Amino acid sequence: MPIQPRVLKGFRDYLPAQMIPRARMIARIREVFESFGFLPLETPTLEYAEILLGKYGQDAEKLLYRFTDHGERDVCMRYDLTVPLARVVAQYGDLPMPFKRYQISPVWRGENTGKGRYREFYQCDVDIVGSGSLLSDCECVWVDYLVMTSLGLSNFEIHLSNRKLLDGLAQWLGDLETKRLPEVYRTIDKLPTAGPDAVKQMLAGLGLSDAQVAKVFQFLDLKGTPEEVLGKLAPWFAEIPAGATGIQEMRTLLTLIDGAGIPRSHIHLDLSIARGLDYYTGTVFETFLTDLPHLGSVMSGGRYDGLIGFFAGRDLPAVGISVGLDRLFSGLEELGKVDRALSTAQMLMTQMDAALLPLYLKTAGELRHHGLRVEMYHQADKLGKQLQYADKRGIPLAVIIGSDEAARGVAQVKLLAEKRQDEVPLSSLAAWLVDQIKGSSASASPAPGRAR
């Protein structure tokens, strides 16, 4: 019997119609990252288990793909790109500080699958290591805003908070064991998905009294502008240094966000955000598409000033943010903001006469030499069939050279969408096509989220 062709649950194939817009999406994200001076980095798929264990929290570590390799080593597939970064910083002590890196790579988590949630997915991270300045936190928010807008998105919210506010809440509640705090924070973080009733039950299950649960929701239910919410928190945390520091950091960050020109309409102070991972220490971020509330966060991160100390023996301040590429791409698909294309070519070199094949090869080579992307039709055929081939694949131009054109040293260039045809000398064909494509790119108004 033949082997059944199938894909593991939680994994997926990307066919060309998805890979082409996905690659363009990654290119736009990379452009934003590099516009801030972030440097590329790549780390291995596998890490020693001890590198990853003890950094994420018990719930997350249950999702690690862990096994013994052929050398009897205890290894894990990477769960995120942040802990490997911490290992790199500790391992290579001569990196310039602050170290600003980006990485666009797959990660693996053995979690329940769902809409936009896979077991293998790409993260696009930027991190700043060695800077405790809140300007670094602001740059992460700024990157977030520019990634969203560069993809043509306008309906999104960047939710901000600070883990020090939760530390202040813990002290305000009183009588909470320190070892229970990560679990309490992870439970609060589940509020958007689980709802208030479930969270209240979970908090009670962790040993919080009815009065403490009520205080938690008094904290979470604060409403108003960010400044108003922080103003209401201030009296509660007047004698609690962690909470007071969190308030001051949030106020400073909001001032920097205003200075960067990020519209406040995209900024939302959300006290429920804790981020589920244990290593966060300060500012935390999550970004949501308001048109797709069921999708979950598409970009998230925060400050993690203690993580690198696991490896370096000393703490280094660090902050970062990550694009959940697959979930965001899934959202763009659902919003109809992804163009389907079956070709990366800008033009089709038609084949009108098999005897002219050397000319077609020479012309295609010259066009590629000028940076143009050319697909060749592989046999002499009716012109209508060749143009239909180009149209179905979204190839915008067709270069046509028949025996008459070859004799006169010209080519016919057909612009398929415009149903226009121009005659161009072969000697200037490459320059003409370059100008044509540049002009088309400059004047066109792309649909939101769509790459030309």
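Rings of Phe, Tyr and Trp (its six-membered ring) count as a pair if their centres lie within 6.5 Å, with planes under 30 degrees apart called stacked, over 60 edge-to-face and the rest tilted. On that basis the structure holds 12 aromatic pairs. Take Phe33 and Tyr102: the ring centres are 5.7 Å apart and the planes sit at 50 degrees, so this pair is tilted. It ties together distant parts of the chain, with Phe33 in helix α1 (residues 16-35) and Tyr102 in strand β5 (residues 99-108), 69 residues apart. Phe33 is buried at 0% relative accessibility, and Tyr102 is buried at 5%; buried means under 20% relative accessible area (1.4 Å probe, protein chains only). Tyr56, Tyr79, Tyr279, Tyr280 and Tyr304 gather into one aromatic cluster.

This is a predicted model, where local features need pLDDT of at least 70 and side-chain atom pairs count only at pLDDT 80 or more, while totals for chains, interfaces and linings use all residues. Residues are numbered from 1 along each chain as its sequence is written, and side-chain values use heavy atoms, leaving out hydrogens and water.

On to strand β11 (residues 318-324): seven of its seven residues are buried, so the rest of the structure largely encloses it. Helices (H or I, at least four residues) and strands (E, at least two) are DSSP runs, numbered from the N terminus. Ala318, Gly320, Ser322 and Gly324 point one way from β11, and Val319, Ile321 and Val323 the other way.

Conventions:
Buried < 20%, exposed > 50% of the residue type's maximum accessible area, 1.4 Å probe, protein only.
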